[in-house]
Amino acid sequence: MGCRQVDPGKGKTTLRQAAEAKGVFETSPSEAPATDISAGGTAIDLVIQSLEDSKCEDLVSIDLTGKSAIADFMVVVSGRSNRHVMAIADHLLRHIKEHGLGSAKVEGLQHGDWVLIDTGDIIVHIFRPEIRSFYNIEKMWTVGDGGDATIH
């Protein structure tokens, strides 16, 4: 089962829209904000695209804006095996670096059961399916929210 793309910011202003409104994109490339990632994308768009390119499974993004100071988004995906989990994480880390989002903090890459990547604004959890079902992180962050999680 592949990932399905759904608009995570339905009805909300994206980082790019806010930056364009402030005229941020009139800066030189070295001064460009992290939201100017590629042809019209935002940081969350880059993360989701990278995960989909890596053939992740069961991608869920959770909008944490206004709920937590730890991040704006949490993304939870599954890989089919330890090797696939590590490959998804490696691919995402390369894309984050290539697109100027800085260096992310990474935990769990050595084992490949559960890899956590923290970019600052986006936290990504990459699990093996049985580990994901055991911890059930998306339920913890969406209890009582009435649907802020977006299944991709």
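**View 1. E130 belongs to a network of salt bridges with R128 and D113.** E130 is partly exposed, because its relative accessible area is 44%. Buried means under 20% relative accessible area, exposed means over 50%, and partly exposed lies in between (1.4 Å probe, protein chains only). This is a predicted model: local features need pLDDT of at least 70, side-chain atom pairs count only at pLDDT 80 or more, and totals for chains, interfaces and linings use all residues. Residues are numbered from 1 along each chain as its sequence is written, and side-chain values use heavy atoms, with hydrogens and water left out. In a salt bridge, a side-chain nitrogen of Lys or Arg lies within 4 Å of a carboxyl oxygen of Asp or Glu. The structure holds five of them. R128 and E130 meet at 1.9 Å, N to O. R128 also bridges to D113, with the closest N and O atoms 2.6 Å apart. R128 sits in the loop between β5 and α4, and D113 in the loop between β3 and β4, so this pair ties together parts that are 15 residues apart in sequence. R128 counts as buried because its relative accessibility is 16%. D113 is partly exposed, at 27%.

**View 2. Aromatic rings gather around W114 and Y135.** Rings of Phe, Tyr and Trp (its six-membered ring) pair if their centres lie within 6.5 Å. Planes under 30 degrees apart count as stacked, over 60 as edge-to-face, and the rest as tilted. How many aromatic pairs does the structure hold? There are three aromatic pairs. One of them joins W114 and Y135 in a tilted arrangement, 4.8 Å centre to centre with 50° between the planes. W114 lies in strand β4 and Y135 in helix α4 (residues 129-135), so the pair ties together parts that are 21 residues apart in sequence. Helices (H or I, at least four residues) and strands (E, at least two) are DSSP runs, numbered from the N terminus. W114 is partly exposed at 28% relative accessibility. Y135 is partly exposed too, at 42%. Y135 also pairs edge-to-face with F134: 5.0 Å centre to centre, 90° between the planes. F134 is exposed, with a relative accessible area of 65%. Together, W114, F127, F134 and Y135 form one aromatic cluster.

**View 3. Helix α3 runs from residue 82 to residue 98.** It has 17 residues. From first C-alpha to last, α3 reaches 24 Å, close to the 24 Å expected at 1.5 Å a residue. That expected span is 1.5 Å times one less than the number of residues. Which α3 residues are buried? They are H84, V85, I88, A89, H91, L92, L93, H95 and I96. These buried residues pack against α2 (43-53), β2 (73-78), β3 (105-107), β4 (114-118) and β5 (122-127). After α3 comes G100, whose phi is positive, near 75°.

**View 4. H91 and the D90–R94 pair lie on helix α3.** Is H91 buried or exposed? H91 counts as buried because its relative accessibility is 15%. Contact means heavy atoms within 4.5 Å. Not counting residues up to four places away in sequence, H91 touches S50, D53 and S54. R94 forms a salt bridge with D90, and the closest N and O atoms are 3.3 Å apart. These two are four residues apart in α3, so about one helical turn separates them. Both ends are partly exposed: R94 at 41% and D90 at 38%.

**View 5. I117 is one of the residues that touch the most other members of the largest nonpolar core.** A nonpolar core is a set of buried Ala, Val, Leu, Ile, Met, Phe, Trp, Tyr and Cys residues joined through side-chain atoms within 4.5 Å. The largest core has 24 residues. L51, V75, I117, I122, V124 and I126 touch the most other members. α2, β2, α3, β4 and β5 each supply at least two residues of this core. Another core, of 10 residues, lies apart from it; V60, L64, V76 and I137 are among its members. Beyond four places in sequence, I117 has contacts including A89, L92, A104, V106 and V124.

**View 6. A104 lies in the loop between α3 and β3.** Leaving aside neighbours within four places in sequence, A104 is in contact with L93, I96, I117, D118 and T119. A104 and I123 are 19 residues apart in sequence. In space they are 9.5 Å apart, C-alpha to C-alpha.
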